[in-house]
Amino acid sequence: MKQLFLVITLFLLYSCDAEVKDSDVVDETQIVDSLQVKNEENDSIDTLIVSNYDMGDVDVKNVKEFKENLVKIEKEYGVQWDFCTCVVKGDSVNKAIMDESLSEVEFDKVIARSDAIDEKCKAFRIQNPNITPDERAKHEEMAYKCLKEAGIK
């Protein structure tokens, strides 16, 4: 049971969020209007973003699309954590799940925590770093760096 959950969690952690599709991305004007915000010249997509998300982790060619999707995700799920926070917290949950001495009650708590983390980590999944072998390698390198900086690796 725990191993199946771990496989599913890892799949979800490293896959693109299915709720955000290319067809959902619209131009900036439509997003501003759909959020019922005044469409003034000084309004930009950056003023609509709630999270203090580090755009340095986002591929430069995808920044505009990422920001558009981030606005939608934040509207539904609230403030999002950055990539490293999600990696570190996800690693912690995965380690806890692998603990064979976990009772069913403790396991249920870990699952609840995993769900809470998932709600705050939807934004980084839309980056979809798993398209090419080079992008997968870059993603793994970034994740390793996050874990190393947190003192885990």
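This is a predicted model: local features need pLDDT of at least 70, side-chain atom pairs count only at pLDDT 80 or more; totals for chains, interfaces and linings use all residues.
Figure 1. The side chain of Lys67 meets that of Asp46 in a salt bridge, with 2.8 Å from N to O. This pair links distant parts of the chain: Asp46 sits in helix H3 (residues 45–48) and Lys67 in helix H4 (residues 63–77), 21 residues apart. Is Asp46 buried or partly exposed? Asp46 is partly exposed, as its relative accessible area is 43%. In general, side chains of opposite charge can pair when their charged atoms come close.

**Figure 2. Helix H5 from end to end.** Helix H5 covers residues 83–98, which is 16 residues. From its first C-alpha to its last, H5 reaches 22 Å, close to the 22 Å expected at 1.5 Å a residue. Which residue caps the N-terminal end of H5? That residue is Asp82: one of its side-chain oxygens lies 3.1 Å from the backbone nitrogen of Cys84. Further along, the buried residues of H5 are Phe83, Cys86, Val87, Gly90, Asp91, Val93, Asn94 and Ile97.

Figure 3. Asp91 is a part of helix H5. With 17% relative accessibility, Asp91 counts as buried, because the cut-off for buried is under 20%. The side chain of Asp91 forms a salt bridge with that of Lys95, at 3.2 Å from N to O. Lys95 and Asp91 are four residues apart in H5, so about one helical turn separates them. In contrast to buried Asp91, Lys95 is partly exposed, with a relative accessible area of 49%. Setting aside residues up to four places away in sequence, Asp91 touches Leu147 and Ile152.

**Figure 4. The disulfide between Cys84 and Cys146.** Here a disulfide joins Cys84 to Cys146, with 1.9 Å from S to S. The bond links distant parts of the chain, since Cys84 is in helix H5 and Cys146 in helix H8 (residues 133–149), 62 residues apart. The link of Cys84 and Cys146 is left-handed, with -60 degrees about the S-S bond. How accessible are the two cysteines? Cys84 counts as partly exposed at 24% relative accessibility, whereas Cys146 is buried, with a relative accessible area of 5%.

**Figure 5. The disulfide between Cys86 and Cys121.** A disulfide also joins Cys86 to Cys121, with 2.1 Å from S to S. Cys86 lies in helix H5, and Cys121 in the loop between helix H6 (104–120) and helix H7 (122–125), so the bond ties together parts that are 35 residues apart in sequence. With -100 degrees about the S-S bond, this link is left-handed. Cys86 counts as buried at 1% relative accessibility, and Cys121 is buried with a relative accessible area of 1%.

**Figure 6. Putting the close-ups back into the whole.** The protein has eight helices and zero strands, in the order α-α-α-α-α-α-α-α along the sequence. How many salt bridges and disulfides are there? The count comes to five salt bridges, among them Asp46 with Lys67, and a search of the whole structure finds two disulfides. Counting bonded cysteines along the chain, the disulfides follow the pattern 1-4, 2-3. Of the 153 residues, 35% are buried. Among contacts with a separation of 6 or more, 70% are between residues 24 or more positions apart. The protein exposes about 9600 Å², and carbon and sulfur atoms supply 52% of that area.

How values were computed:
Residues are numbered from 1 along each chain as its sequence is written. Side-chain values use heavy atoms; hydrogens and water are left out. Helices (H or I, at least four residues) and strands (E, at least two) are DSSP runs, numbered from the N terminus. The expected span of a helix is 1.5 Å times one less than its number of residues. Buried means under 20% relative accessible area, exposed over 50%, partly exposed in between (1.4 Å probe, protein chains only). A polar contact is a pair of N or O atoms within 3.5 Å; within protein, one must be able to donate a hydrogen and the other to accept it, and residues adjacent in sequence count only if both atoms are side-chain atoms. Contact means heavy atoms within 4.5 Å. Accessible areas come from the Shrake-Rupley method with a 1.4 Å probe; for residues, only the protein chains shown count as cover. A salt bridge is a side-chain nitrogen of Lys or Arg within 4 Å of a carboxyl oxygen of Asp or Glu. A disulfide is a pair of cysteine sulfur atoms within 2.5 Å.
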